[in-house]
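Visitor: I have a model open and want to learn how to read it. Where do we begin?

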Amino acid sequence: MPDLGRAALVTSFLLLVYAVVGGSYAAWRGRRRLAESAQNALVAAFGATVVAAIVLLAALARHDFSFRYVAEHTSRELPLGYSLTAFWGGQEGSLLLWLLVLCGYSAAAVLTARRAGREVIAWVVPTLGLVGTFFALLLVFVASPLATQVAPADGAGLNPSLQNPYMAVHPPLLYLGYVGLTVPFAFAMGALLARRTDERWIVATRRWTLAAWAFLGVGQLLGAHWAYVEIGWGGYYAWDPVENAALMPWLAATAFLHSVMIQEKRGMLKVWNVLLVVLAFCLSLFGTFLTRSGIIQSIHSFTQSSIGPWFLGFICVITAGALTLVFLRLPLLRSKTRLESLVSREATFLYNNLLLVALALTILWGVVYPLLSEAVTGTAATVSKPYYNFFLHSFGLPLLLLMGIGPLVAWRRASLRALGRTFLWPLAAAVVAGAVLLAAGAGSSRIGVIAYTFSVFVLASIVLEFARGTSARRALGGVGWGGAFSSLVARNRRRYGGYIVHAAVVLLAIGVAGSSAYQTVREKRLHPGNSMTVAGNRLVFRGFESRLEGNHRAIRALVDVYRGSDYLGRYRPGKNQYFAEDQISNEVSIRHDLLTGGDLFLIADQVNADGSVDLKALQKPLVNLLWLAGFVFVGGALIALWPDAREERRLAERYEGAAVRA
Amino acid sequence: MSAALVGALVALSCVVVVAVPFLRDPDAQDDRLLRPGEAEQRRLALAEERDRALAALQELEFDHRTGKVSDDDYREVVGVLRRRAAEALRAVG
């Protein structure tokens, strides 16, 4: 079996090398059959990688410890589900997942993207092949998940933090996002190499980019929920370098999704859009480098390894190559049109882009600075939460406000009178909300009040956009309110799907502000019968219970929760002691209040030998809006992704004629 | 043994998939990767310009109906956009 997997990986590597060499020659010399053959090599590489992945999955399922990777990441007692998710629980397996997803994306993208034009696809194939070759090279020569050894009696087990149902979906979704950003990058490079700087590459990759961005967004939110319920520190985002590594490409991709609309509508920002695609892809590679190289200490990162220099070299080559290409093609990327007014929809998109990129780059600096300082001075400087919070507030709050302003401003230019009319209701709603919040005592956090006030402004502008749009469509006659509403959304799915995504971001902002700016934290050592109070809840510690659960022993503190004289239930924060892994994990207990959206979050910080517990209790208002935001985000992304028959016909008329004539 | 056989089959299948374009058309009369000529590239650019102009006109109408564009602004801009759309339509032919 390991030989089969290794042979499949070598086959995949050779096919990808062929896609690069053969594909480049075919594109350069204009050889049709060789170009098609190189394209087929990408499809075949996907098949070969699937075989390698099946071999590893089978070894994980059978606990075949003759595979070194299986022995290092599973144990006999590890449940089957977690044994399978150990596929991406370690470095070599996650590299194989990268390659698998990349080959899948590559095959699907080149087979379905007819509109990009053959001459562009011919260059897209070697670009995708180049990225694939790098990962296949690592898997074949540097970090094989299929390396074998003399089988030990038992494996080392899986990190307890990774023994969580979220592990089944969080990493694969992140990978679908990270790797998916390769597609727009490859098409942008393909278009530049083929000297085709029209919109075809954008049209061909529109859905791929949106899907990758959505996967990355949902993956991060699932990661935040995993951290919240599993890591046991009471938060969901810690500005950990690896968390930041996923956030940075997402911010760059968000900027691209907005600025590309300006190129489509006005023919502007061609250079900027290509640069954003390069930035998003390089940041996704950098994120993978951070996780895989072991260069940083993080719960997400794997142990020190030899692949760091390989990654760094590859990132440098890709970045230098892409920037050189953009520079060489600058004459082809010049826009004929210019911004007409600084008060227009496209101008708000531009401001949004500047803020998003500034936020991404300041986060990047926060991640890179400790590494650079360690390399130069030998001591790693610490960039902590206040740094990130400062920039989140400085750039994030204006971004939030712009989400409300943008939809209210017309394309090209807007007069003061029109602005006054469209801003009236959202502004009034925001002012009233701000006043109510201050009267209700929310002024203890200035940032919190600003975030809530801006959120109300954005929500009001979104509601107004739907209401005015529906009304305008209804005025055209022939349909009722329902018909007008659905026709409005169906005729411009990207715009209205985007507004729903904006609503999700607002929910996220409200949840973050509520659960961080207004949270209450209490800590106390409790002996059985002792109690403590947090945000009006009385917590009474009753003692411990202990039981054996599969591969671990669970120790739980029994905490009865009361509000006034009402008994709200028994909660069980505690610890799990994992035998094979020889590790102890925190197991939190959470009381969700669906009516208020808040949580009572209990952590048994220390289980003491004298029968007492060091209990930490956090009251986190509105935190559940974060998770609700995830569902709204998915809904908005699906609407934006859903095919639009009218648009498809228009593009077919525009481009497929060209394919026939070509 | 069976694993080696499966491995060989996988490799062979991949080679066949890669060779398909040459197997299907061994004596190709024309093996050129066709690139659109100057005229076709110009037509595409004009078609994109036409769609952009029509979309701009639609946006303006919609923004006017939803109150984002005042009557004065609408009157000032609509003529320019209509002329541009008409020119783009004429250019595409």
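Guide: With a term. A salt bridge here is a side-chain nitrogen of Lys or Arg within 4 Å of a carboxyl oxygen of Asp or Glu. Keep in mind that this is a predicted model.

Visitor: Which side chain does A:Arg32 meet in a salt bridge?

Guide: First the idea. Side chains of opposite charge can pair when their charged atoms come close. In this model, A:Arg32 pairs with B:Asp25, at 3.0 Å from N to O.

Visitor: How many salt bridges are there between chain B and chain A?

Guide: Nine. The elements that give two or more residues to the side of chain B touching chain A are helix 1 (2-24), helix 2 (38-65) and helix 3 (71-92) of chain B. Helix 2 of chain B has the largest share, with 14 residues. Sorted by class, that side of chain B has 22 nonpolar, five polar and 21 charged residues.

Visitor: And polar contacts: how many residue pairs across the interface of chain B and chain A?

Guide: The rule finds 21 residue pairs, with both residues at pLDDT 80 or more.

Visitor: How do I read the size of the interface?

Guide: Interface size is often given as the accessible area lost when the parts come together. Chain A and chain B bury about 4600 Å² between them. Carbon and sulfur atoms account for 55% of that area. Three residues, B:Leu33, B:Arg52 and B:Lys68, supply 15% of the area that chain B buries against chain A, more than any other three residues. By contacts, 48 residues of chain B touch 64 residues of chain A.

Visitor: How many salt bridges does the structure hold over all chains?

Guide: The total over all chains is 36. One of them joins A:Glu647 to A:Arg206, with the closest N and O atoms 2.9 Å apart. This pair links distant parts of the chain, 441 residues apart. A:Glu647 sits in helix 20 (residues 645-661) of chain A, and A:Arg206 in helix 9 (residues 200-231) of chain A.

Visitor: Now the sheet. In which order do the four strands run in chain A?

Guide: The order is 1-10-9-8, in an open sheet with antiparallel pairing. Strand 1 (520-526) and strand 8 (589-593) of chain A each have a single partner strand, so one side of each lacks a neighbour in the sheet. On average, neighbouring strands are turned by 15 degrees against each other, direction ignored.

Visitor: Over how many bridges do strand 1 and strand 10 of chain A pair?

Guide: Seven, in the antiparallel sense; strand 10 of chain A covers residues 613-620.

How values were computed:
Residues numbered from 1 in each chain as written. Chains lettered and ligands numbered in written order. Predicted model: local features only at pLDDT ≥ 70, side-chain atom pairs only at ≥ 80, totals over all residues. Heavy atoms only, no water. Contact = heavy atoms within 4.5 Å. Buried area = accessible area lost by both parts, 1.4 Å probe. Polar contact = N/O pair within 3.5 Å; in protein donor to acceptor, adjacent residues only side chain to side chain. Nonpolar A, V, L, I, M, F, W, Y, C, P; charged D, E, K, R; others polar. Pairing = 2+ DSSP bridges. Axes fitted to C-alpha atoms, helices over the stretch in contact; angles between N-to-C directions.
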